[in-house]
Amino acid sequence: MHMCRIQRDSAPEGTPSSPLLGRVTLGVLGIERVSELLLKHWNTKFLSHIDVAIATLQGVEEELKRMEEANKNNNNNTGNAITKKPPQAEKDDEKDDEKKDARVGEEGVFLNNVLSLLIEMSKNSRVDASLRFFSSHPSSSSSGGPAKKNKKRRRREEELGIEGQLETFSSYSKQLSRTWLALFQHRLPEDGYRHALKEMKEVILPKISQPILLFDFLKESYDIGGVVSLLALEGLFILIIKHNLDYPDFYPKLYSLLTLRNLQASHRHKFFHLVGLFLKSPKLPSYMLAAFAKRLCRICLKADPGVITWSLALVFNMMKRNPQIECLVNRIPKDGGALAFLDMKAFGPDPYREDEPDMAKCKAMDSCLWEIKTLSNHYSPKVVTLARNFTDENAPKLPIEMTQNLNDCYSSLYETELAYRKNQKPAIRYQPQSSLAVAGDDLCDFYQGVLPAAAE
């Protein structure tokens, strides 16, 4: 880095990039397993200097754009390839495919390392502190100020110039934002998507000058499915709420993510929190609320107690906030009979279409939540209590807390039951017997008649 600084000082004015610095940067980022300690040391020791940080970001951005152009050219060449080829050409193609796979692996390593570096630079507290200081400091042309100043600080300000520092920090912020956007033009490895989406709210979004430009990346992440889709929910919701993003497919995608597998995934606590937050909106139509309630109750029939308690609490709160869907628990039969509380027998077959992805066509509003009546006979007392709240007149009128009992599963219930039974003696009435058969028993009477006859 000392050689890079010498080369930087000898470079012409207005050229912050350094070829040697770029080679060092790309060399470090090309290592397959860059340790987190190395990135932190590099970030705090060298990248806290604004000129070095800007030069590093420029080199990374140029490399990312070069990779993007190379990938486009390769895709065009693949599309124009001839279908019928001689055997030698096919062997050459196999070698090309192997080289391509190796190149894709190297690109994945590079992209993951760039992602880790940008996250560390976005978290750099020393750069942020300097940026806040120069942004809040009065410019050198402003009048007034304290009568006495520190001599060293005043001399330093005269040498650097506050306005020049403000311009430098503004260039750093813009360059960091451009590098983030250049990275998100590439298709990251799956672990890269997870790493980026976990840091999206706290680290990445505040550093992007126009967060709405992240929509393509978040939409692509949302379409991948599985855990990656769950992690992309929060970023999309922030763009919708704070940046006026119009995304009509948000709730249909969320409806498709409500599966037993996702509700029992490792990130389910965050998913539960986000789903509860999204369904609090008072502007959702009735058919959409009914579809979410019906799907959650249907999943409860196969889920563990932790998922059931959260789902029932969410459906109960939805009904308290939106009385228009209370017909799902107290619907009047078509023949004009009395109210049928969660009784599907009064309506015949369930019209709800579980496999229909369109919430307007799944006929959830024509059904009823008979699953709740089934859950009122559940083996878990917590589930029984929540299920009976739907038909109990003395049920709570306020929304139920949904964060309780999220960790309940079969193993935790088993351990709780063992701990509860440990200090209790079993209630057993037992009288020890002196022989196998007791007088007056059917077995004894049988053998008393059979054995003497056999002896004769």
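Visitor: Which residues are linked in a network of salt bridges?

Guide: This is a predicted model, in which local features need pLDDT of at least 70, side-chain atom pairs count only at pLDDT 80 or more, and totals for chains, interfaces and linings use all residues. Residues are numbered from 1 along each chain as its sequence is written, and side-chain values use heavy atoms, with hydrogens and water left out. A salt bridge is a side-chain nitrogen of Lys or Arg within 4 Å of a carboxyl oxygen of Asp or Glu. The network of such bridges links Lys-294, Arg-298, Asp-350, Glu-354 and Glu-371.

Visitor: In the salt bridge of Glu-371 with Arg-298, how far apart are the closest N and O atoms?

Guide: The two residues lie 73 residues apart in the chain, Glu-371 in helix H18 (residues 370-375) and Arg-298 in helix H16 (residues 286-300); helices here are DSSP runs (H or I, at least four residues), numbered from the N terminus. Both Glu-371 and Arg-298 are buried, where buried means under 20% relative accessible area, exposed over 50% and partly exposed in between (1.4 Å probe, protein chains only). Side chains of opposite charge can pair when their charged atoms come close. For Glu-371 and Arg-298, the closest N and O atoms are 2.9 Å apart.

Visitor: Which residue has its backbone oxygen 2.7 Å from a polar atom of the side chain of Lys-294?

Guide: Lys-294 is placed in helix H16 and is buried, with a relative accessible area of 1%. Counting contact as heavy atoms within 4.5 Å, and leaving out residues up to four places away in sequence, Lys-294 touches several residues, including Asp-350, Tyr-352 and Glu-371. The backbone oxygen at 2.7 Å from the polar side-chain atom belongs to Cys-368.

Visitor: How many degrees lie between the planes of Phe-272 and Trp-310?

Guide: Rings of Phe, Tyr and Trp (its six-membered ring) pair if their centres lie within 6.5 Å; planes under 30 degrees apart count as stacked, over 60 as edge-to-face and the rest as tilted. A search of the whole structure finds 12 aromatic pairs. Phe-272 and Trp-310 form a stacked pair, at 4.1 Å centre to centre, and the angle between their planes is 20 degrees.

Visitor: Where in the chain do these two partners lie?

Guide: Phe-272 is buried at a relative accessible area of 2%, and Trp-310 counts as buried at 1%. The pair links distant parts of the chain, 38 residues apart: Phe-272 lies in helix H15 (residues 268-278) and Trp-310 in helix H17 (residues 305-321).

Visitor: Which residues touch the most other members of the largest nonpolar core?

Guide: A nonpolar core is a set of buried Ala, Val, Leu, Ile, Met, Phe, Trp, Tyr and Cys residues joined through side-chain atoms within 4.5 Å. Phe-292, for its part, touches Leu-254, Met-318 and Met-359, among others. Of the 103 residues in the largest core, those touching the most other members are Trp-180, Tyr-251 and Phe-292.

Definitions and conventions: Polar contact = N/O pair within 3.5 Å; in protein donor to acceptor, adjacent residues only side chain to side chain.
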